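Thanks for asking me to look this one over. Here are my notes, point by point, for you to read with the structure open.

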2 protein chains.
Amino acid sequence: MKRTAPILPSALAELLPATLHVLCATITLGKGSYLFKAGRKPACMYFVVSGELTLERPGAQGESIILQRTRQGFAAEASLQSASYHCDAKAVADTVIVSIPIRELRTMLEQDPAFALRWISMLNRELKRLRLQCERLSLNTVQDRLCHLIETEGRGGRYPMGSGLKSIARELGVSHEALYRCVASLEKGGKLHRVGGDLVQAGVSG
Amino acid sequence: MKRTAPILPSALAELLPATLHVLCATITLGKGSYLFKAGRKPACMYFVVSGELTLERPGAQGESIILQRTRQGFAAEASLQSASYHCDAKAVADTVIVSIPIRELRTMLEQDPAFALRWISMLNRELKRLRLQCERLSLNTVQDRLCHLIETEGRGGRYPMGSGLKSIARELGVSHEALYRCVASLEKGGKLHRVGGDLVQAGVSG
DNA sequence: CGTACTTTTGAATCGCATCAAATCTGGTGG
DNA sequence: CCACCAGATTTGATGCGATTCAAAAGTACG
């Protein structure tokens with residue numbers, strides 16, 4: 001784990017009041033290393049900038065149960081008011097994280113109502129996104145999930161596959177083979193096209 | 001739609017400051033009726049007490065896309081700061097809802113820091129719950145999902161099936177038949193027992 | 001040019017959805 | 001008390017779609 005001067009992603013810079021900017025730190029985690037372990041007292045809030053962080057905890061049979069998987073955004077927001085971690089945070093890949101001290105974060109949330117409202121907005125957006133993902137994952141064919149993704153996360157029937165179909169497959173909770181086949185079949189049926197780096201849904205004919 | 005004097009569930013009563021209590025109203029929606037439609041300007045925040053409310057919007061092919069399904073808790077928190085609804089809210093069953101005026105809610109969030117922090121806590125709990133559900137739904141066998149449910153939402157390997165296995169099946173995103181079979185098979189293998197109204201996971205032997 | 005990764009297609013298998021039907025349950029009214 | 005009904009529970013049979021294992025082809029990069 002390596003700490004350096006804070007280089008905040010714009011999403012964070014706009015969210016946090018200036019007072020907190022200087023208190024942030026950037027942390028670089030190698031694949032397989034831990035950010036924190038269960039039982040420890042939370043001192044910081046963590047924002048994943050790149051890579052992948054999982055929160056997990058051992059189940060009754062000793063197997064590991066995944067509670068959250070973050071590739072971009074806050075991990076374990078609930079640490080804001082919990083006295084100790086109930087899970088381990090582990091980097092699944094090389095990961096870059098920004099840390100924000102919790103004590104000062106809480107103080108600012110209490111003292112700066114505008115900031116508190118921005119924070120609430122951020123949580124609301126996150127809730128909305130997760131609700132969409134839950135609905136998507138409760139669809140039972142790859143095609144339904146893909147269409148739901150394009151309809152809800154895309155812009156005008158267009159969804160960017162910046163990081164490749166393989167990573168979209170993970171997001172949809174299906175094997176990459178299944179997704180490749182689904183896309184191929186939709187393309188053959190003329191219902192979907194690949195334009196540039198985007199998946200483009202064919203509009204209603206006419 | 002019928003409005004009556006506010007009878008707040010305790011979760012709401014403890015969350016909201018007294019000032020807001022008297023501004024709440026209880027709404028009863030018949031199955032199939034709408035709470036609001038897309039385009040309308042949000043005036044209230046809604047808390048589902050019982051029944052089931054869905055947020056949906058038409059997709060490109062005219063089919064309806066479900067954005068959220070709420071059986072208990074807030075629906076469309078994001079209406080707190082959005083200028084208009086982007087979806088319809090429809091009661092899938094006879095549903096009881098408590099409404100809270102948004103203008104006054106925002107005012108109180110700005111003026112009462114303690115309330116704002118309580119609100120943030122509530123959002124954090126909701127996020128945690130949804131993240132768990134996403135992870136659960138991305139497991140691909142009924143058994144894995146059921147075990148994840150018991151491990152994460154149960155207490156000490158014990159999960160109440162108050163509303164019946166059928167409703168648990170919906171929550172797990174599987175058919176009730178599949179869940180019945182899964183439970184039966186786990187019971188036969190001695191890995192799960194039904195005690196009283198609970199599902200009890202057999203502990204590690206020894 | 002070799003290495004690593006994504007993309008793509010194939011074949012076999014498995015688990016779940018679905019349709020069907022039987023049993024069990026609690027509750028209601030005669 | 002019994003007849004009856006609606007809903008939950010349970011078991012069976014069938015087909016489809018996804019997972020999985022395998023392998024080939026394309027692509028970026030040093």
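1. How many residues does the contact take from chain B and from chain A? The count is 44 residues from chain B and 44 residues from chain A. Do keep in mind that this is a predicted model.

2. Now for the area. Interface size is often given as the accessible area lost when the parts come together. For chain B and chain A, about 4000 Å² is buried between them, and carbon and sulfur atoms give 60% of that area.

3. One of interest joins the side chains of Arg69(A) and Glu135(B), at 3.7 Å from N to O.

4. Which elements supply the side of chain B that touches chain A? Those giving two or more residues are β6 (64-70), α3 (102-111), α4 (113-137) and α5 (142-153) of chain B. The largest share, 18 residues, comes from α4(B). By type, the residues on this side of chain B are 21 nonpolar, 12 polar and 11 charged.

5. Finally, have a look at Asn124(A), which sits in helix α4 (residues 113-137) of chain A. Is Asn124(A) buried or exposed? Asn124(A) counts as buried because its relative accessible area is 2%, and the cut-off for buried is under 20%. Apart from neighbours within four places in sequence, Asn124(A) is in contact with Glu77(B), Ala78(B), Leu80(B), Gln81(B) and Leu123(B).

Definitions and conventions
Residues numbered from 1 in each chain as written. Chains lettered and ligands numbered in written order. Predicted model: local features only at pLDDT ≥ 70, side-chain atom pairs only at ≥ 80, totals over all residues. Heavy atoms only, no water. Contact = heavy atoms within 4.5 Å. Buried area = accessible area lost by both parts, 1.4 Å probe. Salt bridge = Lys/Arg side-chain N within 4 Å of Asp/Glu carboxyl O. Helix = DSSP H or I, 4+ residues; strand = E, 2+ residues; numbered from the N terminus. Nonpolar A, V, L, I, M, F, W, Y, C, P; charged D, E, K, R; others polar. Buried < 20%, exposed > 50% of the residue type's maximum accessible area, 1.4 Å probe, protein only.
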